[in-house]
Amino acid sequence: MPSDTTSRDTLISIRNVEKHFGKVTALNGVSVDIREGEFFSLLGPSGCGKTTLLRMISGFEMPSAGDIHIGGEDMSEVPPNLRPTNMVFQSYAIFPHLTVAENVGYGLKKQRLAKAELAARVDEALALVDLDGYGTREPHALSGGQRQRVALARALIMKPKVLLLDEPLSALDKKLREAMQSELRHLQRTVGITFVLVTHDQEEALTMSDRIAVMFDGKISQLDTPEGIYKKPADQRVASFIGVMNFLPAQVTSASDRTLGIDVAALGKLSCPQDDRFAKGDKLKVGIRPEMLTIVYDGEKAEKNSVPAKVADIAYYGDMTYYDVVFGDGSHSASVSMRNTAGRPILPIGTMTRIRWGPESIVLLED
Amino acid sequence: MKSASPSLLTYAVIYLIFLYAPILLLPIFAFNDSAIIALPLSGFTFDWFYLLWETEALHQALYNSLTIAIITAVISTILGIFAARASARYDFPAKRGIVGFIMVPLVLPEIIVGVALLVVLVQLGLALSSWTVIIGHVLICTPFSIAILASAFRNLDISLEEASLDLGESQVGTFFRVILPLVTPGIISSLLIAFTISLDEFIIAFFLTGTDVTLPVYIWGQLRFPARLPSVMALGFLMVILSLMLLLTAEYFRRRANRLSGAADTDKGLF
């Protein structure tokens, strides 16, 4: 579970930041506070401005408007080499002409440490990333995962206030990526430094972060915990970017102080808590996750909140089965995921069945 | 690999003979014990090399050529570093035009460059000397230096520079600790190529030299005396050996640069 960072102080304060490259707007009024010691992710498709924002925190890009404070200090006049941030680059940017130890100790040279102390600090940093004894290796003899660890050690040895990670796992294969996800999370808790991660991989953001800012078109669409973003996406774009979401058209039939009556295509009428985004007669979309829909198997009784449907397609994943189902009148369909527990058969294509849903798992989204 | 067809193979062999037979004649007649360049060979001798050793004017010409070549190599490499860095990393108005303009001497006939420079220098009232030759040689060597160095700078991953800045190093520190070590093989390669070009260059040197002639100009002067021909052959032989060695060294450093920057080994270069 993500650690509780809600009570901590703001470390990075980003206010109304804009960035224009010629006529292209990369960031269009971004404001966000990143707290001390949290694992914060900037998530979005390529071109959403997330990397630009990260490069502004590190000082490689300057905002066209707005300002960035780190630890209460205005960063607008501070060059990258004087900022309390360190970066793990997407390409790792390991210096090819230096050994692993020289790479890791690179940033300490300015501090003019005694040789023995420098070596001790380097060894300590290498141990932190499980690269004990790799100091004398040449970078070209390292694997992708090892290069990544060197890049991490090289940044962490500087004891920065903020560690910036630019798509650090994108160059690794799936197995290694998953292992590194939990390792990074573990490392962040060990060192207690604020991590800001840029990624386009929603799964990566969900598993690692305390909080996520989902970005589209140079703006933050939603800022919340992974659970909040998954369960209560702010709009249709966020909903479809994070995980799989079924959308069904709906209309508000009644609105009172407490409840909202809506008529959902295929599912029928239902009542939700009041929501001031919507008034009577408004058209909207209802979002429901595949795992929130359940197939009612033979023998289980047809009950409330269930509708007839037909299995149109199956995708078998081993632990899970994904069904594409078409609802009663044939005009709407949805994806349903079922855990393959003991004794539960895989339904063949064409099977007539019923789909049950819970009204509490429904998300209302503006059309 | 498929074997070549017989006709292509014949063509290749004839081509190589045409290319290298004249050069092979150099050592043959350089060691031939006769003042006349003709077959049959009359005997083996080192006399022509002794003659070179004893000719004072030759030593002076060699000294001039070496000085000019070294200074030219250094100046054109320094200019090349600035231009290559600028073209690889920065954007400025009319960049393509400017870079293209610098590269023009690469294809300009040397006789045009030589005559034009002579006119300008005389108009400026500068006396012809080794320095005027250096000006001309820098003009034709700089494009080669830029071409070699531009590839070294382009292969340099910009995130390496950013990583250095990010780790607290200054711009100047980054240049010396990251950029320079990574482009050093390119710099050495540029120095060697510019040196070789300047050493062999004749036309510009012929136009711009004063009383201190360069080696190629001296050799040309010697051709008027048939008796000296075998010693010119000996000299030519020594220069071929020297040029080959320089080229091989330059190529070694070029390959090392590619390996350092992680470029694929598919680019086999000159040899």
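Domain bounds here come from an automatic or database domain assignment.

**View 1. The two domains of chain A in this predicted model.** Let's start with the overall layout of the chain. Domain 1 of chain A covers 10-240, and domain 2 covers 246-366. Their C-alpha centres lie 39 Å apart. Where the two meet, domain 1 of chain A contributes 5 residues and domain 2 of chain A contributes 6 residues. On the domain 1 side, that contact is made up of 2 nonpolar, 1 polar and 2 charged residues.

**View 2. A hairpin built from β1 and β2 of chain A.** Strand β1 (residues 10-21) and strand β2 (residues 24-35) of chain A are paired antiparallel, with 9 bridges. The hairpin has 2 residues between its strands, and G22(A) in the turn has a positive phi of about 60°.

**View 3. An open sheet of 5 strands in chain A.** Reading across the sheet, the strand order is β15-β19-β16-β17-β18, and the pairing is antiparallel. Which strands stand at the edges? They are β15 (293-296) and β18 (333-339) of chain A; each has a single partner strand, so one side of each is left without a neighbour in the sheet. On average, neighbouring strands here are turned by 45° against each other, direction ignored.

**View 4. Strands β16 and β17 of chain A, seen as an antiparallel pair.** Zooming in on this pair, strand β16 (residues 306-316) is joined to strand β17 (residues 320-327) by 7 bridges. Here D313(A) faces its opposite number, D324(A) in β17(A).

**View 5. Helices α3 and α8 of chain B packed against each other.** Helix α3 (residues 56-89) and helix α8 (residues 171-200) of chain B pack at an angle of about 140°, and their axes are 8 Å apart. Angles over 145 degrees would count as roughly antiparallel, so α3(B) is oblique to α8(B). Their crossing is right-handed. Residues to look for in the contact include S65(B), I68(B), A69(B) and G80(B) of α3(B), along with I187(B), L191(B), F195(B) and L199(B) of α8(B). By class, this contact has 10 nonpolar, 7 polar and no charged residues.

**View 6. Where chain A touches chain B.** To finish, here is the contact between the chains, with 18 residues from chain A and 17 residues from chain B. The chain A side has 9 nonpolar, 7 polar and 2 charged residues.

Conventions
Residues are numbered from 1 along each chain as its sequence is written. Chains are lettered from A and ligands numbered from 1 in the order in which they are written. This is a predicted model: local features need pLDDT of at least 70, side-chain atom pairs count only at pLDDT 80 or more; totals for chains, interfaces and linings use all residues. Two strands pair if DSSP finds at least two bridges between them. Helices (H or I, at least four residues) and strands (E, at least two) are DSSP runs, numbered from the N terminus. Axes are lines fitted to C-alpha atoms, for helices over the stretch in contact, and angles run from 0 to 180 degrees between N-to-C directions. Two residues are in contact if their C-beta atoms, placed from the backbone, lie within 7 Å. Ala, Val, Leu, Ile, Met, Phe, Trp, Tyr, Cys and Pro count as nonpolar, Asp, Glu, Lys and Arg as charged, and the others, Gly among them, as polar. Angles under 35 degrees count as roughly parallel, over 145 as roughly antiparallel, 65 to 115 as roughly perpendicular and the rest as oblique. A crossing is left-handed if the near helix is turned anticlockwise from the far one by less than a right angle, and right-handed if clockwise.
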